[in-house]
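Dear colleague,

Please find the structure we discussed below, with its sequence. My notes on what was found in it follow directly after.

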Amino acid sequence: MQLTDSKDIKAAPETVWAAILNPEVLKECVPGCESLTGSVEEGFEAAVVQKVGPVKARFTGVVKLSDIEIGRAVRISGEGKGGPAGFAKGGAMVRLEAIEGGTRLSYEVEASVGGKIAQLGSRIIEGFAKKMADEFFTRFQEAVEGPEDDEPAAVEGEAEGGEVKKGWFKRLIGA
Amino acid sequence: MPKDDGIGASTKRREDIRFLTGKGRYTADINLRDQAIAVFVRSEVAHGRINSIDTAAAAAMPGVLAIMTGADFASVGGNPAGWYVASRDGATMKEPKRPVLAHGKVRHVGDAYAVVVAETLEQAKDAAAAIEADITELPAIVNMADAVANADNRVHDEIENNVCFDWGWIEDNRAAVDAAFASAPHVTTLELVNNRLVPNAMEPRASIGDYDPGTQDYKLYTTSQNPHLTRLLIAAFVLGIPENKLTVIAPDVGGGFGSKIYHYGEEAAVLAASKALNRPVKWVAERSESFLSDAHGRDHVTKIQLALEKDGTFLALRTETMANVGAYLSNFATVTPTFLHGTLMAGPYKTPLVYVNVKAVFTNTAPVDAYRGAGRPEATFSIERVVDMAADELEIDKVEIRRKNLIGADQFPYTTPVGLVYDIGNYQATLDKLIELGDLAGFEKRASESKARGKLRGLGLSTWIEACGIAPSALVGALGARVGLFDAATVRVNATGSISVMTGAHSHGQGHETVFAQVVAERLGIPATSIDIVHGDTSKIPFGMGSYGSRSLAVAGSAMVKAVDKIIAKGKKIAAHMLEASENDIVFEDGKFSVTGTDKAKTFGEIAFSAYVPHNYPLETLEPGLEESAFYDPANFTYPAGAYACEVEVDAETGQVTVASFTCADDFGNVMNPMIVEGQVHGGVGQGIGQALLENTSYDENGQLLTASYMDYAMPRTTDVPFYTVDHSCVTACTHNPLGVKGCGEAGAIGSPPAVVNAVVDALQRGGYTHVKHIDMPVSPSRVWSAING
C-alpha cells in the first residue's frame, strides 16, 4: 500500500526540519502515541494505541529516522507489534523544498500490516493508512505553524506581539 | 414402489433428528474430566526464519501447564505425502518434511510454531500472546510464476525453483498431440485461473488428546473424515505410537468437503501434550484459524488448447497448469492436481489425443489439497470453457458441438487417451434430458423477457464426467498411491435380530446412517429401524479408508453388501440345520429362510436367536454366532456423468450476475435414496455457484491472507442460488459394483462452475459485448463490469 501527498507549511525549511528531528513533535504528531523515547541517532521506542477496523491494540515498537539529507529529506519508519492483533509497519519518505512563503513538505507513505489486522481489517487498511498519514502531517503542520486561521496567516517574523496564533512548536523554539 | 425404508425410498435422514435438535455430539461438545486447553501460536508473517522463541514469560503466567515449540517435535516424524508423483524428466518428487510445529522457518501466515496448554482457554490465550518469537521476515513467495522464476527465494531452502514436480500425462502421447496441433485446421487457446477456495466446513477443526497413564493407551477425538487413516499416519509416520495403543474417534463431524481428510499437526500436538501432562488436552479452532490453516482448494493457473476440425470435431487437447500446493505437502496435495485432474482431461468426449502438464509449486500460503471434487472440477472447468470458446470461434451451436463429440452410448467400455476406462454411460441421454427439463427451446423467449426488464440473459452448458468411487488399489498403487483405497464393513446380527453395521466410511453430513440402513434393510428384508450404522471409531470399526471422492456407497457400501451376503450364506447354513434340509435347498426371501418348494421356513429373527443359543449345533460344521466382515476393493473407478444448464441474468450497468435457473440431468447409476441424492446435488451446485460467482481467497504480496473472515470471503447465501431442477432418471448402472451405484457427492461442485461462467459469457455476447471471451472466477460484478467496459 503506497500513497503520496504534500503539504505547504508556512514556515521556513529550517524550522520544519528542526521540527521533524524533535522527539516531542513526533510524539505529538503520531496519532495515538502514548510514549516516545530515544533520540534521532539511536532511534525511538514508541507505544501507540490504535483501532484498525474491529481490532484495537497497543502497538509497541521502534521508530527510526534514516536516509537523512540535512534540511532536505528524511525517511521516518516504524514497526510495531500489537500482540494478538498482529503487526503494523510503515514508513514515510519526507522531502522538503522551499516555496514562496514557506516550505512544501511532500511525502510518500508505505504501510503494511500482518496477523489479525490484515485478516480482519484488510478492507479498511488503505483508508486507515491514508487517515493516519493525513492526521500525522496535519498535526505536524499545526505544530509548526499553528491551526488554520481565518486571517491570512502571518509570515514568520511579522507575528511579534500580534494576535496571530503560533504553532506550539514555534512557541517552544521561540521562533 | 420401493418400500418405505428400502432401496430407492426417499427415507428421511434419521441423523437429522439429533442434528436439528441440538443433540449432535461434535468434538467440541466433548469435555473430559480434568481436561486442559491448548492454544496454538501462529506465524503472522508468510515467510521467516525463527531465530528464537522466548517462552519464559508465558510459562510463568497463571494456569499455564506446558508450552511446546517446533524444537520439541524436531525428533519425531513428519506428516507425509500420500502419493508419489514423478516429474516427466524422471526427477523425483520433492517432499519437504512437514513438522508437527514449524521449526527453523515459518512458511505461511497461520503456520503454528508453538502450543500453549493451560487450565482455561483465557489463560492459554493470554500466555500465547506473551510468547516472544524472534523471527526474521523473509520475502514472501506468493505468486506461482514468481516462485518458479526466482531460484534464490525458496519456501524450502533445499528445493530449487519451488517446484515439487513437473508432471506430464501421458508423456508417450506428447509428440502425437503436438503434431496434431501443428496440422490442425483450428486451435482455440484459453488462459484461465481456477480460483483458490477455503473449504469452510460449518464445524471448525477440533482435537482432544487423551492419554491414559494406566494402560498407556492414547485416544484422539478429532474432526476427521477418515479416522483409520489419521491413526495410521500418526502411528506409522509422525509420533510412532503403536497402532494398537491409539484409538481415533471422529464423532459427529460438521462437514469436511475434503479439508478433514488430512492429518494436521494439531492432532499430534494434543496427543503429545496429553502424554506430557497426563491430562486430556483439548483444542478447538477459531474460525480465523480455519481460514489460515485448513487445507485450501483449487488454485490452478492453466493454459488450455483445443485443436478442432472446422466442423467442430475435436482433434487434440493439451494443457499447461501450475498448481499451488502451498507451503507444505498436505496428504493428497500431489494427487489432486495430477491423477485426479489430468486423467479426466478427455471429459465425456472422443478427443483422440490429450496431453496434460502440471507443475506443482510451493508458495508461502496455506497448504492446498482436495476440496469437493478434487481435480475434477478444475479439469471440467478448463474443458467446458474451451469447448464453449471453440464453439464461438467456429460459430457452432453449443449443444451441437458437444453432441458431435460426446462418446457414444455404444462405445463403452471406452478407453480414454489419458489412462481411464469408462465402464458405462449414456451422455446423449443426459443431454437430451437436460434439453427437455431445462426447456432449452424456450430460452429465446425468456431472453426477450429479461431484455424487456433491462437484463441480459445467458445460457451456459456443461457436459461433465468424473471419476470417483475412489479407488481400485491396484490401479492407484501403480500410479503412485502409498495407500490402498478399499473399504470394509462388519455386519453384526445381535441375538434378538437387531443389527449393527460397522463401516469404514465416515459420515460427516452425507446421511450414511440412513442410506446404509436402507441398503441392508432391503437385502435382509428387515425394517431399517432395527439396523444401526456405526462409524468413526477405530476401536469399533474395521480398517476402512473413510469418506471422500464420492466413495462411501460405491466402495464401503459394496463391502457392506458383501458382508450381508456372507450373513445370508451363514443364515442358510443355520436354517438348513434347523429345518433339517440341505443348505442348497434353502432360499432367502423377504426376511425368511425357507426350504424351496415347501412351507417350512424360519424368520431372520429365529435364525439370529438360534445363532447365539446354539444348543444343538453340529459344532464341527456350524459355528455359533452371526457376524461377518468383508473388505471390498473396486475393480475400477465409477464414472458419474451429466449435463447441466445454467441461465443467468446480467445487469450490464452494474455487472451484477443473478442465477435465474439451474438444471441438472445426472446419471449416478442406481439411486438408493433420491432425496439424499437431490440434497447432495443441491449442495454441490451451491458450492459451484459460490466458486463461480463469489468465493476467492486472496493473499497480498506479503503473503497476508486478506480474505480471512466472512466479511471478506463471500460464501453463497440462499439468495445467491436459484431453485434447482434436478433429475437422475437417466441410469446406466455401474457395471462393477454390486449396487450399480456411481456416487453423487461431488458432481454438483464439478459440473456447475463452467455452466455458470459459460452463461455469463453467453449473456454478454448476446448483449453485443462480443469482445468478452472469458472472465475468471469469481465472476464478480466488478470483473463483469470491467470486462464489459473493456
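A:Asp67 is a residue of strand 4 (residues 55-69) of chain A. In this predicted model, its phi is near 50°, a positive value in a residue other than glycine. As a general rule, most residues other than glycine have a negative phi. A:Asp67 has 12 C-beta neighbours inside 10 Å and therefore counts as exposed.

Chain A as a whole contains 4 helices and 7 strands. Read from the N terminus, its elements follow the order β-α-α-β-β-β-β-β-β-α-α. Chain A has 175 residues, of which 36% count as buried. Among its contacts between residues at least 6 apart in sequence, 52% join residues at least 24 apart.

The remaining notes concern chain B. A positive phi occurs here too: that of B:Asp299 is about 70°, although B:Asp299 is not a glycine. B:Asp299 belongs to the loop between helix 8 (287-293) and strand 13 (300-308) of chain B. Is B:Asp299 buried or exposed? With 25 C-beta neighbours inside 10 Å, B:Asp299 counts as buried.

Helix packing is illustrated by helix 6 (residues 227-238) and helix 7 (residues 265-277) of chain B, whose axes are 11 Å apart at an angle of about 70°. Helix 6 of chain B is therefore roughly perpendicular to helix 7 of chain B. The crossing of these two helices is right-handed. Helix 6 of chain B contributes B:Thr230, B:Ile234 and B:Val238 to the contact, while helix 7 of chain B contributes B:Glu267, B:Ala268 and B:Leu271. By class, these residues are 4 nonpolar, 1 polar and 1 charged.

Strand 18 (residues 456-465) of chain B is largely enclosed by the rest of the structure, because 10 of its 10 residues are buried. In a regular strand, side chains alternate between the two faces of the sheet. Both faces of strand 18 of chain B are covered, with B:Leu456, B:Gly458, B:Gly460, B:Ser462 and B:Trp464 buried on one side and B:Arg457, B:Leu459, B:Leu461, B:Thr463 and B:Ile465 buried on the other. Strand 18 of chain B runs antiparallel to strand 26 (residues 641-651) of chain B, and 10 bridges join the two. Within this pairing, B:Arg457 stands opposite B:Glu649 of strand 26 of chain B.

Finally, B:Arg385 lies in helix 9 (residues 376-394) of chain B. B:Arg385 counts as buried because it has 26 C-beta neighbours inside 10 Å. Its C-alpha is 9.8 Å from that of B:Gly460, although B:Arg385 and B:Gly460 are 75 residues apart in sequence. Leaving aside neighbours within four places in sequence, B:Arg385 is in contact with B:Leu190, B:Leu192, B:Pro754, B:Val757, B:Asn758 and B:His774.

With kind regards

Technical notes
Residues are numbered from 1 along each chain as its sequence is written. Chains are lettered from A and ligands numbered from 1 in the order in which they are written. This is a predicted model: local features need pLDDT of at least 70, side-chain atom pairs count only at pLDDT 80 or more; totals for chains, interfaces and linings use all residues. Axes are lines fitted to C-alpha atoms, for helices over the stretch in contact, and angles run from 0 to 180 degrees between N-to-C directions. Angles under 35 degrees count as roughly parallel, over 145 as roughly antiparallel, 65 to 115 as roughly perpendicular and the rest as oblique. A crossing is left-handed if the near helix is turned anticlockwise from the far one by less than a right angle, and right-handed if clockwise. Two residues are in contact if their C-beta atoms, placed from the backbone, lie within 7 Å. Ala, Val, Leu, Ile, Met, Phe, Trp, Tyr, Cys and Pro count as nonpolar, Asp, Glu, Lys and Arg as charged, and the others, Gly among them, as polar. A residue is buried if 20 or more other C-beta atoms lie within 10 Å of its own, exposed if 12 or fewer, and partly exposed in between; C-beta atoms are placed from the backbone. Two strands pair if DSSP finds at least two bridges between them.
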